Amino acid sequence: MNVNPRHNSSENFPRSPWKAALEVILFSLMFCVLTAFILAFPFGSVGLSIVCQRAVVAGSEAIEHIGIALGVYASTFLAFYGVVIGAQINRSRMAPQTQRFLSFTSELLVGSLAPAIVLIIIACVEKPSRAGALFALLPASAILFLVATVLGTFLVFSESERRDSLTRALSKANQNQKLLPSAGKYGISMFVCHAAMLALLGTLITGILNGWTIQPSILALLGSMYFVVAGGIAAGSAFGVISRQTTQDTFDKVFGIVITTIIFSSGAFLIISSLLSGLWSVALSLVVIVVLSAISMLIQSEKLRNVTIHGAATHLSAQSISTRLEQINEQLRELDRNPEEDLFLRSAQN
């Protein structure tokens, strides 16, 4: 089988090592944050000094077992590397999936090792006599990071897989565009105006109910709070509308509904808190803001589309779908300009 050397090289290392290294770093940060939360549990009742003491104890314990862990990691990564390289040489239909799974797993495994390294460093700082362990730990960890980065370069999709995925995405985007209701002329500016108008209305209600006896500075502070509440509700409502309009994925739609529910639940919580505090005028203002925001989100009248949250959200949905269509078409044109041989299918056929 005659394969162009340049093309074969790009097929073996189709991704920049910097991207793979960034993913490993992100996984490492994620596991370190998770470890910090575990050390700080239960939250609110543990001070920073106690967390540091726990970190030192955990690091001291980790030093005793890190050698075994590094040996397991090294042998596992060598096996992964052999399987990935073998998949590059012997192209079967399952080879791409195997490559991607092992590449992702290697990045995740190195990330999961990061908390142990950080805890050991903390323990060595607290007791310098242990610092000798770092001279073995850090080089070994660097090697594992390098191997995981190399394996991460194989976390790619073949040309035919990318083309099929883009074709499906193009079909879904076109369908979503056809199903869009009439959009308003304005997007984010409409949300700002909505929040400002409701904040002004809420301030007027509060002032009138209290006979304008509230100090101007406090009234201005309440107006600012109303603006933030109205803006937050508008943003959460718009997110839910956009999620329903721009995707056919059930999870994304449910997630949009959950966010909207949380936003309105937060508004209800503020109302109840105001009532329990005896702030009836503030509670009534918040009720007006929440109710009018809900109506503005639900109403789909074509005549009112320029002044409702639903119309503004639909405007943003139309922009998002249009941008997505342009991106997909550009990626398809890029594939047509730089055709790649589908080595997976061709090898299977031969």
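**Figure 1. Ile66 is a buried residue, with a relative accessible area of 12%.** Buried means under 20% relative accessible area, exposed means over 50%, and partly exposed lies in between, using a 1.4 Å probe and protein chains only. This is a predicted model, in which local features need pLDDT of at least 70, side-chain atom pairs count only at pLDDT 80 or more, and totals for chains, interfaces and linings use all residues. Residues are numbered from 1 along each chain as its sequence is written, and side-chain values use heavy atoms, with hydrogens and water left out. Ile66 sits in helix 3, residues 48–89. Helices are DSSP runs of H or I with at least four residues, strands are runs of E with at least two, and both are numbered from the N terminus. Leaving aside residues up to four places away in sequence, Ile66 touches Leu113, Ala116, Ile120 and Leu137. Here, contact means heavy atoms within 4.5 Å. Ile66 and Ile117 are 51 residues apart along the chain, and their C-alpha atoms are separated by 8.6 Å.

**Figure 2. The whole protein has 12 helices and 0 strands.** From the N terminus on, the elements run α-α-α-α-α-α-α-α-α-α-α-α. The protein has 350 residues, and 37% of them count as buried. Take the contacts with a separation of 6 or more: residues 24 or more positions apart account for 79% of them. The accessible surface comes to about 20000 Å². Carbon and sulfur atoms hold 69% of that surface. Accessible areas come from the Shrake-Rupley method with a 1.4 Å probe, and for residues only the protein chains shown count as cover.

**Figure 3. Aromatic rings pair up in this structure, and a search of the whole of it finds 4 such pairs.** Rings of Phe, Tyr and Trp (its six-membered ring) pair if their centres lie within 6.5 Å; planes under 30 degrees apart count as stacked, over 60 as edge-to-face and the rest as tilted. The ring centres of Phe27 and Phe104 are 5.6 Å apart and their planes are at 80 degrees, so this pair is edge-to-face. The pair links distant parts of the chain, 77 residues apart: Phe27 is in helix 2 (residues 17–39) and Phe104 is in helix 4 (residues 95–126). Phe27 is buried at 17% relative accessible area. Phe104 is partly exposed at 38%.

**Figure 4. Phe239 and Phe255 form an edge-to-face aromatic pair.** The distance is 5.9 Å centre to centre, with 80 degrees between the planes. Phe239 lies in helix 8 (residues 216–246) and Phe255 in helix 9 (residues 250–276), so the pair ties together parts that are 16 residues apart in sequence. Phe239 counts as partly exposed, at 35% relative accessibility. Phe255 is partly exposed too, with a relative accessible area of 39%. Elsewhere, ring pairs link Tyr73, Phe77 and Phe80 into a cluster.

**Figure 5. Arg130 forms a salt bridge with Glu126.** A salt bridge is a side-chain nitrogen of Lys or Arg within 4 Å of a carboxyl oxygen of Asp or Glu. By this rule the count comes to 1 salt bridge. The closest N and O atoms of Arg130 and Glu126 are 4.0 Å apart. Arg130 is partly exposed, with a relative accessible area of 24%. Glu126 counts as partly exposed at 49%. Side chains of opposite charge can pair when their charged atoms come close.

**Figure 6. A nonpolar surface patch covers about 530 Å².** Its residues are Leu201, Leu209, Leu284, Val287, Val291, Leu292 and Ile295. Helix 7 (188–209) and helix 10 (280–298) are the elements that give two or more residues to the patch. Helix 10 gives the most, with 5 residues. Leu209 belongs to helix 7. Patches are made of residues with over 30% relative accessible area and no salt bridge; like charges are joined within 9 Å, and nonpolar side chains (Val, Leu, Ile, Met, Phe, Trp, Tyr) within 5 Å.

**Figure 7. The side chain of Thr314 reaches the backbone oxygen of His310.** The distance is 2.7 Å. Thr314 is placed in helix 11, residues 309–337. Thr314 is buried, with a relative accessible area of 0%.

**Figure 8. Trp212 has a positive phi, near 55 degrees.** Trp212 lies in the loop between helix 7 and helix 8. Most residues other than glycine have a negative phi.

Technical notes:
Polar contact = N/O pair within 3.5 Å; in protein donor to acceptor, adjacent residues only side chain to side chain.
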